[in-house]
Structure formats: structure tokens, C-alpha cells
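Thanks for coming. I will go through a few local features of one structure, so please have a look at it first.

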Amino acid sequence: MALRALTRALGCLSLTPRIANVPGPSLLLAAQVTNNVLLPLPSPSMLLPCRPVLTSVALSAKFVSWKSRTKYTVMPVKMRKSGGRNHTGRIQVHGIGGGHKQRYRMIDFLRFRPEQQSKPGPFEEKVITVRYDPCRSADIALVAGGNRKRWIIATENMQAGDTILNSDHIGRMAVAAREGDAHPLGALPVGTLINNVESEPGRGAQYIRAAGAGNVHSNSGPSIQR
Amino acid sequence: MALASRSARLALARPGRLGLGSCGAPRRGAYEWGVRSTRKPEPPPPDRVYEIPGLEPITYAGKMHFMPGLARPVFPPWEPGWTPPKFRRLPPLHEHPLYKDQACYVFHQRCRLLEGVKQALWLTKTKLIEGLPEKVLSLADDPRNHIENQDECVLNVIFHARLWHSTEDIPKRETYCPVIVDSLIQLCKSQILKHPSLARRICAQNNTLSTTWNRESTLIQVHGSSGAQLNAKDPLPPIASQEEVEATKNHVLETFYPISPTVGLQECSVYDVNDDTGFREGYPYPYPHTLYLLESANLRPHRFQPDQLRAKMILFAFGNALAQARLLYGNDTKVLEQPVVVQSVGTDGRVFQFLVLQLNTTDLASDEGVKNLVWIDSDQLLYEHFWCLPVVRKKAVV
């Protein structure tokens with residue numbers, strides 16, 4: 001059965017006219033490709049309908065992402081640079097590549113992330129060090145609270161030994177915001193400079209993360225109340 | 001328009017559009033580590049036929065090949081009787097005989113305490129005194145205790161370890177650090193003729209220590225093997241008098257909110273609570289005298305900072321003292337009439353830290369009461385710098 005399909009497909013390569021529904025043994029003869037130039041070209045009515053067959057296939061790129069670590073660590077993780085190449089191996093974005101080797105420090109962008117065993121509610125953390133991160137323009141700070149340590153994006157005047165507050169509580173009065181604290185936007189007074197903003201609570205900071213970036217909290221644009 | 005703000009109108013028109021999904025949960029959670037392509041693929045879900053109770057689905061298992069229309073068979077997991085050692089997996093932690101519900105925080109040789117000495121003092125309920133006690137200092141200052149040509153001998157030791165000992169031009173720290181410590185101990189042993197009581201000591205290496213204690217409802221365990229340990233036949237006499245020990249009752253231990261005191265310790269659910277000094281009963285030298293902790297890694301990030309090294313020394317000396325106290329006086333928590341004293345020396349080949357710890361009480365669960373005492377002499381340089389190769393400028397040795 002497979003042979004019949006194959007020969008039907010390869011029959012379009014043959015220049016001799018073939019008879020349909022030929023019994024078994026003569027099928028082998030029909031598989032020969034004849035190279036006789038004097039024979040007329042086959043008309044479309046002679047070609048039997050058959051499924052298309054792929055006779056060549058492109059090599060797939062052996063691309064495995066370096067992001068295989070599932071557990072959070074404070075230790076820097078080895079990374080592989082992309083050079084502008086995508087998963088097919090071809091350049092998708094030009095101009096990227098080279099530069100010093102870098103190790104990736106896993107940054108926790110969800111500030112309000114209480115530990116598993118701790119009580120729910122606002123909690124404080126202490127800044128241990130502020131250091132340079134090769135993977136981004138902003139500096140990063142190692143903060144420790146409870147039983148765990150994590151990296152966060154450091155604000156401008158953050159120093160070792162500071163205490164920062166992470167809260168998800170919105171009260172009736174606006175909070176007197178200190179630099180480095182994390183509050184929901186609804187709890188902050190209008191006019192505070194904010195960064196590391198998330199579009200919905202629990203999503204993680206996606207906006208205003210670069211060095212020197214800061215936006216003024218205002219009530220004029222479409223605001224997310226939470 | 002009744003409602004002025006566009007967002008409020010949107011909220012009424014399309015409730016889900018504002019970004020909050022059901023019950024205030026975000027549409028997409030915060031970033032999860034691990035790219036989907038490297039995660040293990042989920043097994044395909046079983047056919048819906050299996051959810052109907054009491055029905056036996058007809059599968060293509062008997063036909064030995066796939067048949068569209070029949071259910072996918074679910075086979076019982078195959079248990080091969082034996083796995084080759086290369087592919088053997090450990091049984092899950094819950095089935096281990098030593099598994100306990102309460103987690104224990106274990107301190108081992110590679111634990112770096114975040115707060116350093118402050119954290120070690122809190123964990124061991126100890127009061128810190130800067131500088132070694134006068135009894136020990138007087139021993140060092142007494143000219144009768146000095147070795148003849150002391151400075152010359154020590155210089156020879158340094159040269160031997162850092163230059164003459166190995167065939168390389170510049171020996172690495174892993175080579176010269178243990179050599180320095182061994183040679184200095186040998187120098188001390190050379191005084192046996194003058195002080196015969198020194199012969200009642202022995203040097204032991206690679207013994208495993210294990211002690212557990214409760215500290216305000218957290219279980220803390222010290223477990224590990226230190227480098228070299230000096231054991232003696234007689235215990236060290238207590239250094240602080242009874243009045244000084246009673247005076248520590250007023251001392252308040254420093255806390256470091258918001259950091260928990262167990263940060264940096266390894267949380268473990270499978271552990272053994274039994275105390276172990278590292279030596280069996282009937283060992284001729286039962287009392288721990290001095291511990292020697294070496295920081296001999298070649299690369300600086302692998303070595304401990306001086307603060308972290310001092311914290312490690314405090315904890316290991318405390319572990320030894322506690323194990324010894326429990327061996328002598330039993331497992332009850334009480335204030336000891338005869339305090340146990342253990343000394344410790346930590347070095348990275350050039351900078352030395354000295355420590356004397358006196359264990360006054362085994363009642364560590366509460367914060368009040370008598371505290372233990374520790375005298376620390378930190379950052380003593382044996383030598384400033386050591387150049388192995390001569391500096392040559394313009395074909396002349398500078």
C-alpha cells in the first residue's frame with residue numbers, strides 16, 4: 001500500500017504514459033523513470049490524484065534556552081548570550097552580540113511576596129548590599145527578611161543597612177512614602193515618584209525599571225485602583 | 001455623561017477588562033523561573049471516559065496498535081525489581097526513617113551567617129568580650145614560657161610554608177595554610193621538655209561533631225567535621241569567676257529585626273538528634289581543648305570573611321562544649337557549676353582569630369538567665385606580606 005502511494009507520487013516524474021489500476025508485478029516497472037525526450041509530456045488527466053509528499057526538509061536548529069533553573073537563588077547563574085539569534089538560529093535582531101561575559105542574578109520583581117511560613121500582611125526587610133548588575137542599567141540590592149534573601153532593583157539613595165517596607169494595604173489616609181518602600185498605588189499620595197510599577201497586583205513589576213527612570217504618580221490618566 | 005472618568009465607564013461596561021480577573025487575582029501571575037521549553041512536559045490527560053464511574057472503557061490495548069475511536073489505555077506503572085546503581089533515585093524524604101515534622105536548622109562547615117558574630121552570639125546565648133582574658137594573655141607574656149629564638153623559629157616556619165615547602169615558585173594557599181598551622185603546633189609541642197603537662201594532649205583530625213539544642217522553639221544543630229582538634233586528658237579550668245557569670249544575667253542579647261536568626265542555616269527535615277562528640281567512650285583524651293579552623297581556599301570569594309569565620313568558630317566551639325557538657329552532666333537544661341571551656345583558632349594562613357568560649361549554662365530555650373561568655377581576639381596578622389620572587393629592576397635586585 002505504501003509502495004503504491006509512493007509510486008503514484010513518483011509517477012509524475014515519469015514521461016511515459018501509464019495505465020491506471022495495473023495489477024501488482026507491473027508496478028515495479030512503472031517506477032522506472034524513463035528519459036526519452038521524444039515522448040509527449042504527460043497531460044494533467046493522466047496524473048492520478050495523490051497526497052503531496054515532502055522530499056526535502058530543513059534542518060531544525062538545536063536551540064535550548066539557558067533558562068532552565070526553576071528554584072530561586074541568590075547566587076549568580078551562568079547565562080548564554082543570544083547574539084540577536086532566535087530559536088531557529090538565524091539573526092532576528094541585528095546589532096546585538098559580543099560584550100563581557102555576564103552572570104545573571106535572579107531579581108524578584110514582585111516586591112510584596114511574603115514567605116511561605118510567615119504571617120500575611122505588610123512586612124519589613126533590611127538592605128544588605130547594593131551592587132552593580134551587568135544585565136541591566138540599574139543597580140541591584142540584596143535584601144533579607146525572615147529566613148530568605150533576594151535581589152531587588154535598588155532605588156537611588158538606597159544604602160546598606162536601610163529598612164524597607166513591603167505592603168499591600170490601602171488605608172483611608174495616604175501613606176507617608178519613604179524611598180525604597182513598596183505600596184499599592186492607591187495608598188500613595190499624588191505626586192510621589194514611583195518606579196517598578198506592576199499593571200495589576202500580583203503580576204510583578206514590568207514598567208519603569210531602568211536606571212534614572214521614575215514617573216510621577218497622578219490621578220489624571222486611566223488609573224488602576226487597588 | 002453621568003460618569004466623568006473613562007475608567008469608571010469601562011468598569012461598568014466590561015467588568016473583566018480592567019485587568020482584574022476573578023476575585024482580584026491577576027490575569028497573569030508574576031514571572032516564574034524556568035522556560036517552558038526546558039520544563040518537563042506534562043503527561044497527556046486521561047480520556048474523559050475514565051471519569052464516568054462504573055464504566056469499563058474499551059481501549060486498544062489488546063489490538064497492540066492505535067485505533068481512532070477507542071480510549072487510550074492506562075497501564076499500571078511497571079516496577080522493575082532492580083535498578084542499576086547508575087539510575088537509582090533516593091526514596092522521597094517523607095519515607096526516610098529519620099524524617100521529622102519539625103524542621104531543624106543545621107549549621108555546617110560551609111554555612112555563612114548573614115549577620116556574622118551577632119547572629120552566632122544570639123544562637124548560642126553568649127556575651128562577647130573583646131580581647132583574650134588576662135589568664136591567657138599572662139601565659140603568653142610570661143618570659144619563662146617563651147621558646148628560645150622564638151622570632152627566628154616563627155620566621156623559619158613562615159618561609160618554609162610559603163616558599164621552601166613545595167617545588168612551585170609560588171605555593172598556593174591550599175598548600176601553605178595547613179603547613180603553617182601544623183608547624184606552629186609542632187613549635188608549641190617542642191616545649192614538652194619544659195612543661196611536661198603538654199604531653200597530655202593529642203591532635204585529632206576529621207572528627208564529626210553533632211549537637212542539637214532548642215533556642216526559643218527553633219531546633220538548631222551544629223554538624224560537621226572541623227580541621228584539626230586538640231584534645232586533652234584534663235579539662236580547661238574556668239576563666240570567668242562566679243560573680244562575672246552572675247553578672248551576665250543582666251546582659252540583653254542583640255536582635256536583628258527584620259532578619260530571622262536562622263538565616264543562612266540549612267533547613268533540614270531529616271536529622272538525628274543524638275549528640276556526638278566525635279570520639280567513642282573510653283578515649284584517653286576526652287576533653288576538647290582547642291579547635292583549628294582553616295580557610296584555605298585559593299580564590300577569595302570561596303573563603304569566608306573574617307566576621308563569618310569568627311561566627312563559625314563560635315558555633316563549632318560551642319557545639320563541642322555543649323556535647324562535652326551533656327556527656328558529663330546529663331541532658332537536663334541547667335546552669336553548670338563547673339563551666340566548660342573550649343578554645344578555638346581560625347586562620348587563612350596570614351590573619352589569625354583567637355577565641356575562648358566558656359559554657360556556663362545549657363538552658364538555651366529562654367532569653368533570660370545566665371549567658372555564656374566568649375573572648376575574641378580578632379584579625380591578628382602573623383606577617384604583613386610575603387614576596388616569593390625577588391623584584392628585579394634594570395637587572396638588579398631591588
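I start with a word that I will need at once: buried means under 20% relative accessible area, exposed means over 50%, and partly exposed is in between, with a 1.4 Å probe and protein chains only. Helices (H or I, at least four residues) and strands (E, at least two) are DSSP runs, numbered from the N terminus.

Some housekeeping. This is a predicted model, where local features need pLDDT of at least 70 and side-chain atom pairs count only at pLDDT 80 or more, while totals for chains, interfaces and linings use all residues. Residues are numbered from 1 along each chain as its sequence is written, chains are lettered from A and ligands numbered from 1 in the order in which they are written, and side-chain values use heavy atoms, with hydrogens and water left out.

Now to chain B. How many of the eight residues of helix 2 are buried? Seven of the eight are, so the helix, residues 117-124, is mostly covered. Among the buried ones are Val117(B), Trp122(B) and Thr124(B). The cover over these buried residues includes strand 2 (126-130), helix 7 (306-329) and strand 11 (372-381) of chain B.

Just after helix 2 comes Lys125(B), with a positive phi of about 55°. Lys125(B) sits in the loop between helix 2 and strand 2 of chain B. Is Lys125(B) buried or exposed? Lys125(B) is buried, because its relative accessible area is 1%.

In chain A, Ile208(A) also has a phi near 55°, a positive value in a residue other than glycine. Ile208(A) belongs to the loop between strand 7 (193-194) and strand 8 (215-216) of chain A. At 23% relative accessibility, Ile208(A) counts as partly exposed.

Next, Pro171(B). This proline lies in the loop between helix 4 (150-164) and helix 5 (173-189) of chain B. Pro171(B) counts as buried because its relative accessibility is 5%. Contact means heavy atoms within 4.5 Å. Leaving aside neighbours within four places in sequence, Pro171(B) has contacts including Leu163(B), Tyr176(B) and Cys388(B). The C-alpha atoms of Pro171(B) and Arg393(B) are separated by 23 Å, and the two residues are 222 apart along the chain.

Last, a peptide bond. Which form does the bond from Tyr257(B) to Pro258(B) take? That bond is cis, with omega near 5°. Pro258(B) is in the loop between helix 6 (242-247) and strand 7 (266-270) of chain B.
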